[in-house]
Amino acid sequence: MKITILDDYFDSLRALPCFARLAGHEVTIWNDHVQDVDALAERLADTEVLVLFRERTQVRAALLERLPRLRLISQRSVYPHIDIDACTRLGIIVSSDQHAGTPSYAAAELSFALMLAAMRQIPQQMQSLRDGRWQSGVGHSARGKTLGIFGYGRIGRAVAAYGKAFDMNILVWSSEASRERAIADGFATAPDQARFFEACDVVSLHLRLYPSTRGVVRAADLARMKPGSLLVNTSRAGLIEPGALVAALQAGRPGMAAVDVFDTEPLTDPADPLLTMPNVICTPHIGYVTHDEYELQFTDIFDQIVAYAAGAPINVVNPAVLAHRSVTPTHPGA
């Protein structure tokens with residue numbers, strides 16, 4: 001089959017052990033990012049299987065309708081960037097393993113790293129040395145602080161465990177079922193969202209972005225945070241009410257933020273308010289960007305292709321497509 005992989009910025013996939021799963025197929029890898037529909041349609045004209053890096057490229061009807069040979073889109077995690085209805089209408093299978101069985105430990109580690117970096121002012125202290133100065137300020141310890149976990153799923157649970165290892169007090173706010181799991185794990189839960197934000201020294205967001213969670217963190221929630229508190233977001237920018245984080249930081253509640261996700265990605269405008277504020281640490285959506293995490297994720301992604309090639313697609317998120325299209329692919333070596 002003809003397989004195309006988009007947005008492999010650092011040409012990292014070829015070196016992964018799991019890449020051997022695609023042996024016998026014709027694989028094309030693009031290392032840049034293109035969103036223009038005409039350019040993508042030209043690149044993907046002969047593609048039968050499309051591999052996506054998370055949500056880096058939007059795949060909508062206007063593009064899909066120009067890809068008559070496309071039969072499978074294989075990726076991992078959520079898929080707000082894919083027009084699932086158009087895929088079903090056009091007979092394109094979408095396979096996406098929803099992190100079955102494992103959290104993204106890389107994202108959990110980055111969340112905690114950003115928390116420590118912000119609290120200890122690590123980027124600012126580094127810059128001070130580079131500017132020929134010595135210490136530039138006084139940071140805060142993690143021990144004894146209240147770490148709020150908003151969303152107690154696989155990643156939130158891992159971050160809570162890291163916080164416990166640092167002798168932090170863990171407070172959880174999430175769905176009722178998730179709060180019950182947190183209690184079973186020995187963690188406290190907040191009585192409501194308002195008091196959750198009031199009580200925490202650090203709030204770390206670990207929710208998936210659905211219509212029901214978009215804007216779930218409101219300006220009023222941020223205004224309840226302590227002046228010296230920190231908000232960490234390695235999940236999705238859309239979880240926060242539009243414009244609320246910048247306004248809250250300017251008002252001094254919370255006092256700091258550490259973010260890995262943005263309303264527009266890739267973010268290339270150095271004048272963006274979050275990049276210019278001295279009380280904000282930003283990273284370019286690297287929560288899942290490690291060699292180890294890539295091996296984990298792309299093993300699943302490539303296994304989905306192998307299953308499709310065998311005529312038995314797995315992790316199909318639009319099963320209705322199977323009712324009106326044969327799933328038997330062309331010969332793997334074609």
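Trainee: Which residue in β11 stands opposite Leu 231?

Mentor: Leu 231 stands opposite Ala 257 in β11. The chain reaches β11 from β10 by way of helix α10 (residues 244–251), in a right-handed β-α-β crossover. Right-handed here means that, with the strands pointing away from the viewer, the path from the first strand over the helix to the second runs clockwise. This is a predicted model, in which local features need pLDDT of at least 70 and side-chain atom pairs count only at pLDDT 80 or more, while totals for chains, interfaces and linings use all residues. Residues are numbered from 1 along each chain as its sequence is written, and side-chain values use heavy atoms, with hydrogens and water left out. Helices (H or I, at least four residues) and strands (E, at least two) are DSSP runs, numbered from the N terminus.

Strand β10 covers residues 230–233. Leu 230 and Val 232 point one way from it, Leu 231 and Asn 233 the other way, and all are buried; buried means under 20% relative accessible area, exposed over 50%, and partly exposed in between (1.4 Å probe, protein chains only). On one pairing, β10 runs parallel to β11 (residues 256–259) over four bridges. On another, β9 (residues 202–205) and β10 are parallel, also over four bridges, and Ser 204 stands opposite Val 232. Two strands count as paired if DSSP finds at least two bridges between them.

The loop between α10 and β11 holds Pro 254, which is joined to Arg 253 by a cis peptide bond with omega about 0 degrees. Beyond the strand, Pro 266 sits in the loop between β11 and α11 (273–276), and the bond joining Glu 265 and Pro 266 is cis too, with omega about 0 degrees. Most residues other than glycine have a negative phi, and most peptide bonds are trans.

Ser 77, in the loop between β4 and α3 (84–90), has a positive phi near 80 degrees and is buried at 3% relative accessibility. Asn 315 has a positive phi of about 55 degrees; Asn 315 lies in the segment after α12 and is partly exposed, at 33%.

There is also an open sheet of five strands in the order β2-β1-β3-β4-β5, with parallel pairing. β2 (26–29) and β5 (93–97) are the edge strands, each with a single partner, so one side of each has no neighbour in the sheet. The twist averages 20 degrees from one strand to the next. Within the sheet, β3 (residues 49–51) and β4 (residues 72–76) pair over three bridges, and Val 49 has Leu 72 as its bridge partner in β4. Helix α12 (residues 291–309) packs on this sheet, touching β1 (2–5), β3, β4 and β5, and its direction makes about 155 degrees with that of β4. Contact means heavy atoms within 4.5 Å; axes are lines fitted to C-alpha atoms, for helices over the stretch in contact, and angles run from 0 to 180 degrees between N-to-C directions.

In the loop between β1 and β2 lies His 25, buried at 16% relative accessibility. A polar atom of the His 25 side chain is 3.1 Å from the backbone nitrogen of Met 1.

Key:
Polar contact = N/O pair within 3.5 Å; in protein donor to acceptor, adjacent residues only side chain to side chain.
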